Amino acid sequence: MQLLSYIIEKTQLSSKSIENTISLLNKEATIPFISRYRKEMTGNLDEIQIGEIVKYKEIFEALEKRKKAILKALEEQGVLTDELTQKVKSTKDLIALEDLYLPFKKKRKTKAETARLQGLEPLAKMIMSQRVNNLEHTASKFTSNEVETIQIALEGARFIIAEWINERTDIRTNIRRELERFATISSKVIKTKIEDEKAQKFKDYFEWNEALKNIPSHRLLAILRAEKEGFIRVKIEIDSEKAIQKMEDRIIRTQNECTSQIQIATKDAYKRLLFPSLSNEALSLAKEKADENAITVFSKNLKQLLLVSPLGEKRVLAIDPGFRSGCKIVCLNAQGDLEHNETIYPHAPQNNLIEAIKKISFLADAHKIDAIAIGNGTASRETEQFVKKIQFKNPVDIFVVSEAGASIYSASKIARDEFPNFDVTVRGAISIGRRLQDPLAELVKIDAKSIGVGQYQHDVDQSKLKKSLDTVVESCVNTIGININTASESLLSYVSGIGPKIAQNIIIYRNESGSFTSRTAIKKVPSLGAKAFEQAAGFLRIKNAKNPLDDSAVHPENYALVDKIAKDNKKNVSDFIGNKELLNKIQLKNYISKTVGLPTLEDIIKELEKPGLDPRAKAKVFSFDATIKTIDDLRIGQLLPGIVNNITNFGCFVNIGIKESGLIHVSNLSDTFVKDVNAIVSLQQQIIAKVIEVDVVRKRIQLALVK
C-alpha cells in the first residue's frame, strides 16, 4: 500500500493535489503557507483539506512504522512466511494489524501457556479435530505428576483452545461487528455516593442506558468523568448468548464427545478473553470519537473567539472589578502600553463611590480614553452600572470583557517578563484592556484550554487537543497577519515558519536595532534563514514602509510581478493601492506563467485593493438587562439580551449578565431542524433570548433564541 493511494482513498482529493502537498510538507512548508501561496501546486486546496492530508499522512506513517516493527519481531521468532508478510503489508488499519500479530505476540504467563508446558497442546489439537470418540481414554494418556486427573488434562486443553479461539481474526471481527451494531452502555450510581453533593451534577446518569453507537460525545464524556470520580459504575453489554452461539456455529462441525469441551472453551474464550478485551476496545473507540468531536467543537469555538471583533488602536481604560479588594484600574495607549494604574473602592465594604466616579472621570479625560473595558468576573455588573452613570466630557464606549484565563496569564512567565514591576492584579487588568483592543494578540498568550470555550477539555486526549488548538491559533494568526514591529513574542511564535526561538530573536533584534523598515530587513534576524523567510514574510506586516506591498499579504516572491504589472500600465505600484477602477483594467491572463496562475493573481489584486485589511468586524457596544442581577430575578417568558459564550453540539450557552450562563438547547435554536449549531449562532454573538425554564436549586437556566 502506497501513501498516495491511501490518502486518495481517505480524502477523495486529486492525485496531483495530494502529491504536490506531500512534497511541500516534506520540505517543511506550513499549512498556512501552502494554502495561501501555493494554490497552483495544490489545486487551490484550503487549510482544512491540507490538514486532512497531514492527518492521514501521519496515520499512514504510524501504521507503516508498526508494520516494520511487527515484521522484524516475526522474523526474529522465525515464523515469518511469504503469506504472513503479504498479509501484514496489505493491512490498512492498526486494529487488523494487531489481530494478525496477536498469535505471535510474546505473552505473560497465561493458563494456556501453563497447559502447554504441561504437554497438553496435542490433546487440545485432538479435541479441535473433532474426530475423537473416546475422549476420556485419550485424555488419560496426558495425565502425569503435574496433571493428576483427566479433568485437569481436559481443563488445560480447553485453556489452549480458548486462546486459539481468542486469536482467530474472523471471530474477533464478528464480535467487533456485534459491539459496533448492538452494544449498549449503562451506568448505575454507587449506593454510598447517592447523596454525595459532588455527585449531584451527574444525577442524570445514576440510572442510564442507551446504544453505544448513538450516545452523543458530551454525554459519553460526562458518564466517563462520573465513573472516574467514583460516583457511578459503567457497563458495556451485548447479547452474550447470541454472540457465543455464532462462535459455536463457526467452530463446531460435528456432534461427538469433543463438542461439549469445545462449547465450554468457547464460553470461556468469550467471557474471559474476547468480551473484556473487545468491549474495552469498543468503549475506547467510542471515547476516541467523542474526543474528536469535543476537540472539533473546542477548536471551532476557539477560532471564533480569536477572530472576535477588535476595538482596534484606541485608548482604553480597563477595570478588573472587585468588592473588598477594590477595582484595579489601568490606562492603556492605542498600542496597549501601560500609562497609569491605581485602585478604587466603589463597592462594599468601603463604598467610596463618589471618589471612584471622580477618579474614572478624571482619568478618562486626562488620558483621552476612547473606551472602557470592564472584566466580567466578581462585581462586574455593579461596576458596569456605576460607570454607565458617569457623565464623561467626551464620548466613551463601555464594554464588558471576558476575564477567562486572565488570572492564569497574570501569573505566567510571559506576563512577568512583560511587566516585571507590577503585581498580578495590574497584569490582569492590562490583559482585560488589551483583549478589547485586539483579542487575538492577547489570547495567544494564554493556554487555550484556560480560555473557557470548550467542554470536558481535561477529559479528552491531551496531545490531540493541544495539536488541534495550536493549529487553530496558527491559522488565525496567519489569516489576520501581524505587525512585526508591535507583535509580542507569543504572537510572533505562531507565524508560519517562525516558532518560539526565532520569535525571541526578532524581539531581541527589534529592541537592539529598532523597528523594521522593510521586509528585506527581516532577513537580518539571527537564525531566520531563507526557508523561514519564505514561510513567514507574507504574514508579517510593516506599517508605513517605503514599499506599500510590505504592509500587504502579497508575498515578496511576487513583488517583481507586481512591478511588471505597474510598468506595463505605466504606473507606480502605489497608484494601484485602493484603486479598484485601475485594478479592474488589468488583464490577468497576460501574467499567467508556469509558477503563477489565476488564483495567485486574483489574490494579489484583492490585496492591492485593500492592503493589509483586517477581516474582523469592529467591536459593538452591548448592555445586559439592568434589572437582572441574580438567577432569582429570572421569570418565565422574559426576553433578555445576551452574549453567546460557549457552543456545543447540543446547543449554546449564553451570558445574560449573571453568574450562571443559560443554555439554548439545539431544539430551541430554530423552528426547523438544526444540523450544525454554528450555522445558527457564533461565539460572542449578541442575541435576544427568552427564558423558558429556571431551576434555582441546580442553578440551571433554559433559554430559547428569539433573534
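**Helix 1 against helix 5**

I began with how helix 1 and helix 5 lie relative to each other in this predicted model, and I found the two helices oblique. Their axes, for residues 3–11 in helix 1 and residues 47–77 in helix 5, come within 10 Å and cross at roughly 130°.

I then looked up which residues make the contact: L3, Y6, I7, K10 and T11 of helix 1 meet E52, I53, Y56, K57, I59 and F60 of helix 5. Sorted by class, the residues of this contact come out as seven nonpolar, one polar and three charged.

Most residues other than glycine have a negative phi, and most peptide bonds are trans. Q12 is not a glycine, yet I read a positive phi of about 60° for it. With a relative accessibility of 63%, Q12 counts as exposed.

**Helix 6, face by face**

Which residues of helix 6 are buried? In this helix, residues 82–90, I listed L84, T85 and V88 as buried. Looking down the axis of helix 6, I saw that its buried residues fall within an arc of 100°, so they line one face of the helix. An α-helix has 3.6 residues a turn, so residues three or four places apart point the same way. On the other side of helix 6, I found D82, E83 and Q86 exposed. I asked next what covers the buried residues of helix 6, and the cover includes helix 5 and helix 7 (94–101).

**Helix 11 against helix 15**

I returned to helix packing with helix 11 (residues 150–166) and helix 15 (residues 257–306), whose axes come within 8 Å and cross at roughly 55°. Helix 11 and helix 15 are therefore oblique to each other, and I recorded their crossing as right-handed.

In the contact, L154, R158, F159, I161, A162, E163, I165 and N166 of helix 11 meet Q261, I264, A265, T266, D268, A269, R272, L273 and L274 of helix 15. The classes here are 10 nonpolar, three polar and four charged residues.

**Two loops with backbone features**

I checked the peptide bond from A348 to P349 and found it cis, with omega near 10°. P349 belongs to the loop between strand 6 (338–344) and helix 16 (353–366).

A379 was my next stop, in the loop between strand 7 (371–375) and helix 17 (380–388). Its phi is near 70°, a positive value in a residue other than glycine. Is A379 buried or exposed? I noted A379 as buried, because its relative accessible area is 5%.

My last entry is S488, placed in the loop between strand 9 (482–483) and helix 23 (489–493). S488 has 19% relative accessibility and so counts as buried, the cut-off being under 20%. Setting aside neighbours within four places in sequence, I found S488 in contact with A441, K445 and I507.

Terms used: Residues are numbered from 1 along each chain as its sequence is written. This is a predicted model: local features need pLDDT of at least 70, side-chain atom pairs count only at pLDDT 80 or more; totals for chains, interfaces and linings use all residues. Side-chain values use heavy atoms; hydrogens and water are left out. Axes are lines fitted to C-alpha atoms, for helices over the stretch in contact, and angles run from 0 to 180 degrees between N-to-C directions. Helices (H or I, at least four residues) and strands (E, at least two) are DSSP runs, numbered from the N terminus. Angles under 35 degrees count as roughly parallel, over 145 as roughly antiparallel, 65 to 115 as roughly perpendicular and the rest as oblique. A crossing is left-handed if the near helix is turned anticlockwise from the far one by less than a right angle, and right-handed if clockwise. Contact means heavy atoms within 4.5 Å. Ala, Val, Leu, Ile, Met, Phe, Trp, Tyr, Cys and Pro count as nonpolar, Asp, Glu, Lys and Arg as charged, and the others, Gly among them, as polar. Buried means under 20% relative accessible area, exposed over 50%, partly exposed in between (1.4 Å probe, protein chains only). The arc is that of the directions from the helix axis to the C-beta atoms.
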